[in-house]
Structure formats: C-alpha cells, structure tokens
Amino acid sequence: MANGKQATQFSAHEHYRESAFKQVWRDDLDSVFADIASYYDSANYVASLGLFGWFRDTFLSTIDLRPGYKALDVCAGTNATGIALLERQPDLQIIAIDRNQEMQKVGRERAERKGFHIESVIDDVHKLPFPDNHFDLVTIQYASRHLRLFDVFSEILRVLKPGGFFYHADMLRPRNRLVGKLHYTYLGACLTLTAKIFGSGRKALDCRDYFLEVLSNFYSAEELSELLRHLGFANVTHKTLLGGLLGFHKAQKVSPVS
Ligand SMILES: C[S@@+](CC[C@H](N)C(=O)[O-])C[C@H]1O[C@@H](n2cnc3c(N)ncnc32)[C@H](O)[C@@H]1O
C-alpha cells in the first residue's frame, strides 16, 4: 500500500472506531471493569475454555527480558502480564498503569500474595505520565481495542528508550470471515454464560454488544503491523493463533538517524 493512501485509510479507520465507540469508552467501560474486577481472571479462563494459559505463554514467549529492565504494563488490569514477567525475571522494575482502581486493587493483591511489588499508577493511558526514553519495554494485553491507537501507540513510542521493545497482545479480526462469524457467535454466547455464572451487574450486561462490535471492527494482524510501522515503530513482527483470532506483535523503537 502506498504511504499516503495507507495514512488516509488508518486515520479513517481510527476516526470510525472513535466515533462508533467513544461514548462507551468515555462513559461506560470504567464501571464495567469495576463491576467485573473480582472475577475477571476466572471469567477469562472459563470464556477461553481453559486456553487462557496457552495464550499468555505464547505472548510471554515473544518477550525478551534482561536483569533490571524497567517495564511498563499499559492497561495492566489485574496485573496478569506483570506477575508473569516477574515470575520469569524477579528483579524487573514494573510499573502498571490503568485507570480502573478496582482492577488494580485486585492486581496489587495478586502481586503481593506472590511476594512481588508492582508500582501502580491510576490514570488514562492516552497520555502517559512518564518522561521520554524511560522504559526498556512496554506491554499491553487485551486492551487496545478499547483505545485510540494513534494516541496510545505514539505515547508508548515516546516513553520507550531507543532500542526498547513494545509487545502487544489482543484478539484481532481473523483473515477468514467465516472464522470471525463463528468466533463472535461463540463469544456472544460466552459473555451471556459467564455473566450468569459470575452474576454480572447491569453495566456489564449492557455492554455485551459493544464487546462484539469493537472486536469485529478491530484490526487484522497484518493491519496492526502496518499501523505500528506507520506510527514509527521498526522491526515489527507478529505471530498469530487460531487463524488470526489472537495476535502477538513485537516492535522496536530505533534511534533517529542523525
Ligand atoms: C480487558 S482488560 C485487560 C487487562 C490486562 N491487560 C489483562 O491482560 O488481563 C482492559 C483494561 O484496560 C483498562 N482501560 C481501558 N481503557 C483505558 C484507558 N483509557 N486508560 C487506562 N486504562 C484503560 C481497563 O480499566 C481494564 O483494566
């Protein structure tokens, strides 16, 4: 795709996502996550038919760690990524940022139970409250679909040190439309079932359609790689599972050539 045409397509897509979902992003999502925080991890396990560990291990296998690295986990939720990284490399310095107090409370308690410390920053991630060139690595898992990606990815690039890596995991739009259709039907049934099992509140139930729509309007693995390159990341690679339903991206910040 030519650069100019690609830029126009990405901004049209981001504009569409924002206009379609901004009301939920702004007004509803925070109370949904507050509502589900106490059972979020168990619900993920049930909804993925127990495959959640496989998804997490595949993501972790893409991440290179060195002793003492300073890492930022964006939209950290219940600290699933931060805890898994510390289990592999206990001397990492990890900062979690998420705007939801309840998700982070669960995350802090989970980390403490394992004897880990993860610093918690409660804030919106569209503007990261950290200096330029600050982190060796940045992670984000299962959250991008709820965000304005031009803003968040540009901020991630800014706070990464030159040479540092960004690791991204999320459900993506599969290449095959039939796979997508089957997946969204399954997810819809799953959301209803987990809501029943865990007794979800009104806010979470009302957002069921949003969760399906935001995913079906998200990027494919190839598109996300192109978007990362378009926003200035280098050495972008990805791997996928289940026909592209899940994608794991790795991208680097390189120093500008002087
Ligand atoms: C589906 S959870 C994923 C949590 C965690 N990364 C994981 O892998 O389990 C999405 C998280 O994104 C957070 N989030 C959504 N929009 C946000 C925003 N604009 N600023 C900060 N956090 C946000 C929510 O509060 C929630 O904790």
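Student: Which residues of α4 are buried?
Tutor: In α4, the buried residues are Ala-80, Thr-81, Gly-82, Ile-83, Leu-85 and Leu-86. Buried means that 20 or more other C-beta atoms, placed from the backbone, lie within 10 Å of the residue's own. Helices here are DSSP runs of H or I with at least four residues, strands are runs of E with at least two, and both are numbered from the N terminus. This is a predicted model: local features need pLDDT of at least 70, side-chain atom pairs count only at pLDDT 80 or more, and totals for chains, interfaces and linings use all residues. Residues are numbered from 1 along each chain as its sequence is written.

Student: What do those buried residues pack against?
Tutor: They pack against α2 (40-47), α3 (52-61), β1, β2, α5 and β4 (135-141). Contact here means C-beta atoms, placed from the backbone, within 7 Å.

Student: How many bridges join β1 to β2?
Tutor: Five, between β1 (residues 70-74) and β2 (residues 93-98), which run parallel. Strands pair if DSSP finds at least two bridges between them. Val-74 stands opposite Ile-97 in β2.

Student: And what is the partner of Ile-97 in β3?
Tutor: Val-121. β2 and β3 (residues 119-122) also run parallel, joined by four bridges.

Student: New topic: how many residues surround the ligand?
Tutor: 20, and the closest are Cys-75, Gly-77, Arg-99, Asn-100 and Gln-141. The cut-off is a C-beta atom, placed from the backbone, within 6 Å of the molecule.

Student: Which elements give two or more residues to that shell?
Tutor: α1 (3-36) and α4 (80-88).

Technical notes:
A residue is buried if 20 or more other C-beta atoms lie within 10 Å of its own, exposed if 12 or fewer, and partly exposed in between; C-beta atoms are placed from the backbone. Two residues are in contact if their C-beta atoms, placed from the backbone, lie within 7 Å.
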